[in-house]
Amino acid sequence: MKLKTERLNAVRRKLKANTRPSASGCWLWSGYTQPNGYGWLNVAGLKIAAHRAALIVAGRDVPNGLDVCHRCDVRNCVNPAHLYVGTRAENMADCSERHRHNKPIGESHWRAKLSSADVKSIRARRDSGEFLRTIAVDFGVHTTTILRIARREYRMEVA
Ligand SMILES: [Zn+2]
């Protein structure tokens, strides 16, 4: 999605006027927020999620049909450094699973989430042919994480 310069500038101004930094490094959107927690922007005839707008304004390519996800789990955060473009499936697996499992917000990472016993269990389940997705949901992590653990690309310290 590309915006014309005029619109882009209007979006940039609106973002700047409605964003405040937080101690955690998140840039919190203080404008209108949807019931689902995502910031929402209505400017220059454009209606767009604030975090999506933030990534576009930052000059990143945000293809239509792909979601913008938060690394930080803070839905009204518009810090481009905390955002990435993912598929809808990734967004569901990643963002919402983390919310459902109520993982701590911030710098938490799958490395810290999975114990050595978890890693062994993941490999055993994968070796027995279970679907990546089923395992990922059970552990509240991304399917890619499961795949890499199963392939021994991650957590090689666990025998
Ligand atoms: Zn953030």
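Axes are lines fitted to C-alpha atoms, for helices over the stretch in contact, and the angles run from 0 to 180 degrees between N-to-C directions. Helices (H or I, at least four residues) and strands (E, at least two) are DSSP runs, numbered from the N terminus. The structure is a predicted model, in which local features need pLDDT of at least 70 and side-chain atom pairs count only at pLDDT 80 or more, while totals for chains, interfaces and linings use all residues. Residues are numbered from 1 along each chain as its sequence is written.

The chain has 7 helices and 6 strands. Read along the sequence, these elements follow the pattern α-β-β-β-β-α-β-β-α-α-α-α-α. A residue is buried if 20 or more other C-beta atoms lie within 10 Å of its own, exposed if 12 or fewer, and partly exposed in between, with the C-beta atoms placed from the backbone. By this count, 26% of the 159 residues of the chain are buried. Two residues are in contact if their C-beta atoms, placed from the backbone, lie within 7 Å. Among contacts between residues at least 6 apart in sequence, 53% join residues at least 24 apart.

The buried nonpolar residues come next. A nonpolar core is a set of buried Ala, Val, Leu, Ile, Met, Phe, Trp, Tyr and Cys residues joined through C-beta atoms within 7 Å. The largest such core has 18 residues, and those with the most contacts inside it are L15, A50, A53, A54 and V78. At least two residues of this core are supplied by each of α1 (5-17), β2 (27-29), α2 (50-57) and β5 (67-70). The largest share, 5 residues, comes from α2. Leaving aside residues up to four places away in sequence, V78 touches L15, T19, W27, W29, G39, A50, H51 and A54. Apart from this core lies another, of 9 residues, among them V119, I135, I146 and I149.

Two strands pair if DSSP finds at least two bridges between them. Strand β3 (residues 40-43) and strand β4 (residues 46-49) pair in the antiparallel sense over 4 bridges. Within this pairing, W40 stands opposite A49, and V43 stands opposite L46. The hairpin has 2 residues between its strands, and A44 in the turn has a positive phi of about 50°. Most residues other than glycine have a negative phi. D73 is not a glycine, yet has a positive phi of about 70°. D73 lies in the loop between β5 and β6 (83-86), and counts as partly exposed because it has 18 C-beta neighbours inside 10 Å.

The later helices can be followed through their packing. Two packed helices are described by the angle between their axes and the distance between the axes. Helix α5 (residues 116-127) packs against α7 at an angle of about 85°, with the axes 9 Å apart. The two helices are therefore roughly perpendicular to each other. In this contact, V119, I122, R123 and R126 of α5 meet I146, I149 and A150 of α7. The residues divide into 5 nonpolar, no polar and 2 charged, where Ala, Val, Leu, Ile, Met, Phe, Trp, Tyr, Cys and Pro count as nonpolar, Asp, Glu, Lys and Arg as charged, and the others, Gly among them, as polar.

Helix α6 (residues 132-139) also packs against helix α7 (residues 143-150), at an angle of about 110° and with the axes 8 Å apart. That angle makes α6 roughly perpendicular to α7. L132, R133, I135 and A136 of α6 make the contact with T143, I146 and L147 of α7. These residues divide into 5 nonpolar, 1 polar and 1 charged.

F131 and T143 are 12 residues apart in sequence and 9.3 Å apart in space, C-alpha to C-alpha. G140, in the loop between α6 and α7, is buried, with 20 other C-beta atoms within 10 Å. G140 and L114 are 26 residues apart in sequence and 9.6 Å apart in space, C-alpha to C-alpha. R155 belongs to the segment after α7 and has a positive phi of about 55° although it is not a glycine. With 18 C-beta neighbours inside 10 Å, R155 counts as partly exposed.

How values were computed:
Angles under 35 degrees count as roughly parallel, over 145 as roughly antiparallel, 65 to 115 as roughly perpendicular and the rest as oblique.
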